[in-house]
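The following paragraphs lead the reader through one structure, from a pocket to a strand and then to a ligand. Please keep the sequence and the model in view while reading.

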Amino acid sequence: MSTVITGASGHLGRLIVDQLLAAGTPPEQIVATGRDTGKLADLARNGVMVRRADFADPSTLDDAFAGAATIVLVSTTTVGERFDNARNAIDAARRAGVSRIVYTSTLNASTARMMLADAHRRTEEYLRDSGSPFVILRNGWYLENYTDQLSMITQYRALLGSAQDGRVSAAARQDLAAAAVAVLTQDGHLGATYELGGTPFTLTELAATFSDVLGTHITYRDVPVADYTATLTDAGLPPEMAAAVADADTGLARGELFTDSDDLTKLIGRATITPREAILNAAAVEESR
Ligand SMILES: NC(=O)c1ccc[n+]([C@@H]2O[C@H](COP(=O)([O-])OP(=O)(O)OC[C@H]3O[C@@H](n4cnc5c(N)ncnc54)[C@H](OP(=O)(O)O)[C@@H]3O)[C@@H](O)[C@H]2O)c1
């Protein structure tokens, strides 16, 4: 019986596959799926089973999930399609008779009012009602959402947002992948919902950490949500995603991306990557380019 990782052509899914392999899971027991299997060719060369799965096309899912004991359901990209996609995948997983569905959700999914939480809340409800054994990983905001902006932040000496003084328990994808691997490789966890966050910080505090690491003053500039949306659109984000990301900052301001849960450190058995470490890593990568 195999473990299917969806979204393996993306950042989080790929890290889960890599960390499962590093933990000693035989490659022939892992099925890596994506819409474009070309992106998974190196995994296939290393013995991982590679299959095409497009959640928007349920006809691809029966073959993709055949013989699976566990499906890791990584939420898909397009915000407006996320719930329908997840419902298709949960239905296909049930048809395949899997014994566990692990779903990557968002922090505080049952109470958060931000736009992005809506599909996660509906998916969690659908999953619970489906009768399938499940584990829900409520992943925190990625630290990479900030460190990926390193060159812009350096150029403008500013971090932009609409988060006011809200605190965000952001975590590195690497740690969130490690939590998924812990759930996949340990007994127990069935029926659990984990709130997975790292060290909380305000964006003013984060700007101070950027300043410290980069040796130049970085300001956090809080702007109205409409201005932030426009800036993100100008920077090349699709309008729907720009609106959702800016709206997430209003959720951040309301505390919806904060958790004081220690679920993440408990699952991974070590301290989480700090914002400072994440910025140092990103700066080292930038310098090596
Ligand atoms: N917590 C956060 O801060 C945060 C931030 C951004 C996103 N997210 C959510 O977390 C998920 C994983 O994050 P990530 O960084 O790994 O995102 P990512 O790198 O964009 O990867 C997304 C994955 O979803 C796949 N996908 C998209 N639409 C699909 C569909 N219709 N059927 C099957 N697969 C589909 C993509 O496949 P292709 O290669 O075919 O495109 C890709 O493998 C995202 O998809 C999003 O839902 C969370």
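Helix α13 supplies the largest share of the lining of the second largest pocket, 5 residues. This is a predicted model, in which local features need pLDDT of at least 70 and side-chain atom pairs count only at pLDDT 80 or more, while totals for chains, interfaces and linings use all residues. Residues are numbered from 1 along each chain as its sequence is written, and side-chain values use heavy atoms, with hydrogens and water left out.

Helices here are DSSP runs of H or I with at least four residues, and strands are runs of E with at least two, numbered from the N terminus. At least two lining residues each come from α1 (11-22), α6 (144-147), α8 (173-185) and α13 (275-288). Of the 17 residues that line this pocket, E144, T147, D148, A282 and V285 lie nearest its centre.

Strand β6 (residues 134-139) holds F134. This residue is buried (under 20% relative accessible area, 1.4 Å probe, protein chains only), because its relative accessible area is 13%. The C-alpha atoms of F134 and V102 are 5.7 Å apart, although 32 residues separate the two along the chain.

Which residues are closest to the ligand? They are S9, H11, L12, R35 and S75, among the 22 residues that surround the ligand. A polar side-chain atom of R35 lies 2.8 Å from a ligand oxygen atom. For G140, a polar backbone atom is 3.0 Å from a nitrogen atom of the ligand.

Key. 1 Å grid on protein atoms, 1.4 Å probe; cavity = no way out; pocket = protein on both sides within 12 Å on 5 of 7 lines; lining within 4 Å. Buried < 20%, exposed > 50% of the residue type's maximum accessible area, 1.4 Å probe, protein only. Near = heavy atom within 4 Å. Polar contact = N/O pair within 3.5 Å; in protein donor to acceptor, adjacent residues only side chain to side chain.
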